[in-house]
Amino acid sequence: MRRAVLIFDTLFPYLTLLCVIALSKAGLWPLFVLLGLWAVFLVLSIALLWQRCRGEEQRPLGRITLMIKLAQIPAFIAIFIIGFLTLAFPALPLLLMLMDWLAVALTGLLCAGTVWQLHRAHRLGGKAAIVLGILSFVFCADVIAAWCIWRRERKG
């Protein structure tokens with residue numbers, strides 16, 4: 001399960017790009033399939049987060065989460081360019097913004113689990129854990145938060 005969640009989280013922005021391309025040729029069904037997949041992997045991500053919070057999953061994810069967030073940057077740049085070029089059609093940029101947030105939410109759950117583990121191991125203070133946990137769900141700031149989490153995890 002863990003590996004499938006990590007792979008899907010990495011590929012989600014790229015699948016969004018494919019979905020946008022498919023929208024012009026196939027209609028709305030690719031969007032519904034992608035949203036359905038997102039919902040399935042949201043449940044799996046929450047299950048992984050639950051395992052990490054209960055202490056059942058102890059493997060470090062800080063470095064992996066940072067690598068996922070860095071791997072997603074080219075897709076986010078392409079999504080931004082497509083959204084900017086299609087400003088004349090307001091529905092598409094809004095859809096792209098929503099899909100971007102959905103991608104950040106999936107990887108934010110991975111970071112939240114790592115933050116919880118670091119806090120529980122007394123390697124991260126309460127205020128820092130709250131700030132990093134919140135930043136993990138904020139677009140662009142999530143990369144910085146993932147880097148900070150990885151550094152803290154590596155020091156331990």
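Cys140 is exposed, with a relative accessible area of 52%, a value that lies over the 50% cut-off for that class. The model is predicted, and the mean pLDDT of its protein chain is 90, with 99% of the residues at 70 or more.

**Loop residues with positive phi**

- Cys140 belongs to the loop between H5 and helix H6 (141-155).
- The phi of Cys140 is positive, near 75 degrees, although the residue is not glycine.
- His122 sits in the loop between H4 and H5, and its phi is also positive, at about 60 degrees, in a residue that is not a glycine.
- His122 counts as exposed because its relative accessibility is 74%, and the cut-off for exposed is over 50%.
- As background, most residues other than glycine have a negative phi.

**Nonpolar cores**

- The largest nonpolar core comprises 26 residues, and Phe12, Leu31, Met99 and Leu110 have the most contacts inside it.
- At least two residues of this core come from each of H1, helix H2 (29-54), helix H3 (62-85) and helix H4 (91-120).
- Another core, of eleven residues, lies apart from the largest one; Leu66, Val115, Ala129 and Ala145 are among its members.
- Leu31 touches Cys19, Leu23, Leu95 and Met99, when residues up to four places away in sequence are not counted.
- In soluble globular proteins, nonpolar side chains tend to be buried together.

**Packing of H3 against H4**

- The axes of H3 and H4 are 11 Å apart and form an angle of about 175 degrees.
- H3 is therefore roughly antiparallel to H4, since angles over 145 degrees count as such.
- On the H3 side, the contact is made by Gly62, Thr65, Ile68, Lys69, Gln72, Phe76, Ile79, Ile82 and Gly83.
- On the H4 side, the contributing residues are Leu92, Pro93, Leu96, Asp100, Ala103, Val104, Thr107, Gly108, Leu110, Cys111 and Thr114.
- By class, eleven residues of this contact are nonpolar, seven are polar and two are charged.
- Leu110, a residue of the H3 contact on H4, is also one of the residues with the most contacts inside the largest nonpolar core.

**Confidence by element**

- Among the elements of the protein chain, helix H5 (residues 126-135) has the highest mean pLDDT, at 95.
- Helix H1 (residues 2-26) has the lowest mean pLDDT among the elements, at 90.

Methods. Residues are numbered from 1 along each chain as its sequence is written. This is a predicted model: local features need pLDDT of at least 70, side-chain atom pairs count only at pLDDT 80 or more; totals for chains, interfaces and linings use all residues. Side-chain values use heavy atoms; hydrogens and water are left out. pLDDT is the predictor's confidence in each residue, from 0 to 100. Helices (H or I, at least four residues) and strands (E, at least two) are DSSP runs, numbered from the N terminus. A nonpolar core is a set of buried Ala, Val, Leu, Ile, Met, Phe, Trp, Tyr and Cys residues joined through side-chain atoms within 4.5 Å. Buried means under 20% relative accessible area, exposed over 50%, partly exposed in between (1.4 Å probe, protein chains only). Contact means heavy atoms within 4.5 Å. Axes are lines fitted to C-alpha atoms, for helices over the stretch in contact, and angles run from 0 to 180 degrees between N-to-C directions. Angles under 35 degrees count as roughly parallel, over 145 as roughly antiparallel, 65 to 115 as roughly perpendicular and the rest as oblique. Ala, Val, Leu, Ile, Met, Phe, Trp, Tyr, Cys and Pro count as nonpolar, Asp, Glu, Lys and Arg as charged, and the others, Gly among them, as polar.
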